[in-house]
Amino acid sequence: MPSTVLVGAQWGDEGKGKITDLISSDYDYVVRYQGGNNAGHTVIHGDTKLALHLMPSGVLYDSCVPVIGNGVVVDPSVLVQEMEMLHAGGISTERLAISCDAHVIMPYHIDLDGAAEKRLGKNEIGTTKRGIGPCYQDKAERIGIRIQDLLDEHILEKKLETALASKNHILEHYGLDTYTVEQLLDWCRPYAEVIRPHVAETAQLLNQALREGKNILFEGAQGTLLDLDHGTYPFVTSSSCCAGGACTGTGVGPKAITKVIGIEKAYITRVGSGPFPTELDDEIGDLIGEVGGEYGVTTGRKRRCGWFDAVIARYAADCNSLTDVALTKLDVLSCVDTIKVCVAYEADGKTYDYFPMQHSVMYPKHVTPVYEELPGWKGEDLTGCRTFEELPENARNYVLYLENLIGVPISIIAVGPDRDQTIYRGWSSR
Ligand code: GDP
Ligand code: IMO
Ligand code: MG
């Protein structure tokens with residue numbers, strides 16, 4: 001029963017949607033295990049470009065059961081909207097299973113996300129303002145509303161009373177409108193009816209599937225450096241994006257996982273605030289951003305762009321036990337003359353070949369990247385290449401150079417957003 005975790009190995013937006021969609025046909029279940037609609041995963045379906053925020057990217061295959069695991073936070077209004085969007089495109093969501101234990105993003109979570117950012121002022125995290133952090137906060141405080149609560153108004157009423165006793169107090173403190181239980185019951189009611197047939201004991205479902213020899217793909221959202229524990233805290237999201245999160249976020253144990261594929265862009269981007277050692281605050285960064293179409297799928301914000309950072313790539317290989325890497329957007333680097341790769345950091349007279357987590361070292365003004373410069377393949381169009389041998393020599397050398405630095409096989413290379421714009425280099429789901 002081979003199971004694969006697919007994780008972002010950088011700061012998110014690495015192309016997880018494309019790769020999940022690409023390999024989904026090999027799996028019986030595709031499962032989201034953390035995050036919520038802060039994610040924006042792009043999948044090209046025929047001539048249509050779909051942006052999925054909550055639905056696992058495997059939803060496009062009839063053979064796949066899409067599952068939203070217990071570790072996900074679900075805004076029911078977004079989920080229902082996304083289901084409607086898929087139906088309009090002729091895609092069925094009938095097979096969708098949603099964990100009864102997943103937490104619900106309520107309207108007050110969104111208000112509080114905005115208020116907390118405003119309070120931080122110039123120190124803001126740059127969240128997606130989708131209520132993600134405040135929802136996970138309530139989960140940890142044990143006053144969260146779960147999907148199963150939506151199915152019983154009596155229970156929901158009691159839970160909302162408890163939550164509002166605390167939330168209204170804070171909303172008032174911020175000078176925001178408060179909520180009544182009735183208002184929120186009315187808000188939940190129509191969504192609950194759409195969601196009801198999909199609610200399931202997903203941990204049991206997935207473990208039973210494994211016993212029957214079925215294959216599971218766990219689709220990560222965000223990325224390693226946005227992980228609450230392993231990322232650039234406090235400039236992170238509020239969930240466990242790393243591969244370990246697939247276990248806590250679904251109820252499947254670690255022995256069930258046989259492969260972990262890290263998705264990495266051939267350069268790096270970041271949306272929101274926080275350290276970014278290889279950031280290109282110049283015309284090269286702007287050029288890569290323009291050619292790569294680097295604008296957020298969820299918020300439309302311009303993504304910060306920088307050179308590939310092998311220190312981060314090695315860190316992600318460790319944190320996630322990567323068995324494979326999928327390198328995406330190699331085609332975009334056709335726009336530059338030469339390509340830099342960060343191989344180490346220097347700070348306070350010391351060289352770091354590992355990712356330093358101490359704030360005093362990692363703070364952006366403190367670390368200086370040590371770069372190696374490689375010749376590019378400017379002007380050569382890679383989007384038609386389908387085998388490694390068809391790539392220009394310098395592009396092949398770049399891939400081999402990165403593979404050697406990361407220490408993990410690069411078994412998939414993406415040279416365009418479409419499903420077929422892909423080069424396989426030994427990837428197998430088994
Ligand atoms: P995700 O959040 O990790 O799923 O990534 P996003 O969907 O937010 O951003 C990745 C963007 O790059 C999307 O617009 C994809 O269609 C696009 N994309 C994915 N792979 C490639 C590739 O190899 N080349 C190019 N040019 N675009 C790609
Ligand atoms: P996908 O799955 C890139 C970033 C936000 C912010 C920080 C915290 O598409 O890769 P949050 O709203 O989660 O509390 O914001 O995390 N962030 C992402 N950046 N891709 C994402 O998802 C992201 N989801 C959250 O920009 O810096
Ligand atoms: Mg994205």
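Trainee: How far from an oxygen atom of ligand 2 does a backbone N or O atom of Asp13 lie?
Mentor: This is a predicted model, where local features need pLDDT of at least 70, side-chain atom pairs count only at pLDDT 80 or more, and totals for chains, interfaces and linings use all residues. Residues are numbered from 1 along each chain, chains are lettered from A and ligands numbered from 1 as written, and side-chain values use heavy atoms without hydrogens or water. Asp13 makes a polar contact (a pair of N or O atoms within 3.5 Å). Its backbone N or O atom lies from an oxygen atom of ligand 2 at 2.8 Å.

Trainee: How far is an oxygen atom of ligand 2 from an N or O atom in the side chain of Lys16?
Mentor: Here the side chain of Lys16 takes part. For Asp13 it was a backbone atom. The Lys16 atom and the oxygen atom of ligand 2 are separated by 2.7 Å.

Trainee: What share of ligand 2 does the protein bury?
Mentor: Gly126 also has a backbone N or O atom 3.3 Å from an oxygen atom of ligand 2. Taken alone, ligand 2 exposes 550 Å² (Shrake-Rupley method, 1.4 Å probe). Of that area, the protein buries 98%.

Trainee: Which residues come nearest to ligand 2?
Mentor: Around ligand 2 there are 20 residues (a heavy atom within 4 Å). By class, the shell has seven nonpolar, ten polar and three charged residues, with Gly counted as polar. Those that come nearest are Asp13, Lys16, His41, Thr128 and Thr237.

Trainee: In which pocket does ligand 2 sit?
Mentor: A pocket is an open set of points on a 1 Å grid where a 1.4 Å probe fits, with protein on both sides within 12 Å along at least five of seven lines. A molecule sits in one if more than half of its atoms lie within 2 Å of its grid points. For ligand 2, that is the largest pocket.

Trainee: Which residues lining the largest pocket are closest to its centre?
Mentor: The largest pocket has a volume of about 980 Å³. It is lined by 47 residues (an atom within 4 Å of a point). Closest to its centre are Ile125, Thr127, Val236, Thr237 and Ser238.

Trainee: Which element gives the largest share of the lining of the largest pocket?
Mentor: Helices are DSSP runs of H or I with at least four residues, and strands are E runs of at least two. By class, this lining has 19 nonpolar, 18 polar and ten charged residues. The largest share is seven residues, and they come from α4.

Trainee: Which pocket is the space taken by ligand 1?
Mentor: The space in question comes to about 560 Å³. Its lining has 26 residues, and Thr42, Gly292, Arg303, Lys329 and Pro417 lie nearest the centre. Ligand 1 takes the second largest pocket.

Trainee: Which element gives the most to the lining of the second largest pocket?
Mentor: α1 (16–23) and β3 (41–45) each supply at least two residues of this lining. By class, the lining has eight nonpolar, nine polar and nine charged residues. The top contribution is four residues, from β3.

Trainee: How much of the accessible area of ligand 1 does the protein cover?
Mentor: An oxygen atom of ligand 1 is 2.7 Å from a polar backbone atom of Lys16. Backbone atoms of Ala414 and Gly416 each lie 3.1 Å from an oxygen atom of ligand 1. On its own, ligand 1 has 580 Å² of accessible area, and the protein covers 93%.

Trainee: Which element gives the largest share of the shell around ligand 1?
Mentor: The shell around ligand 1 has 19 residues, and Lys16, Gly17, Gly40, Thr42 and Asp331 come nearest. By class, five are nonpolar, seven polar and seven charged. The largest share is three residues, from α1.

Trainee: Where does Pro234 lie?
Mentor: Most peptide bonds are trans. The bond from Tyr233 to Pro234 is cis, with omega near 10°. Pro234 lies in the loop between β10 (216–219) and α8 (245–248).

Trainee: What is the phi of Asp348?
Mentor: Ser321, in the loop between α10 (310–320) and β15 (324–328), has a positive phi of about 50° although it is not a glycine. Asp348 lies in the loop between β16 (338–347) and β17 (350–352). Asp348 is not a glycine either, and its phi is positive, about 50°.

Key: A polar contact is a pair of N or O atoms within 3.5 Å; within protein, one must be able to donate a hydrogen and the other to accept it, and residues adjacent in sequence count only if both atoms are side-chain atoms. Grid points are joined across faces, edges and corners, and a volume is the space filled by probe spheres set on the points.
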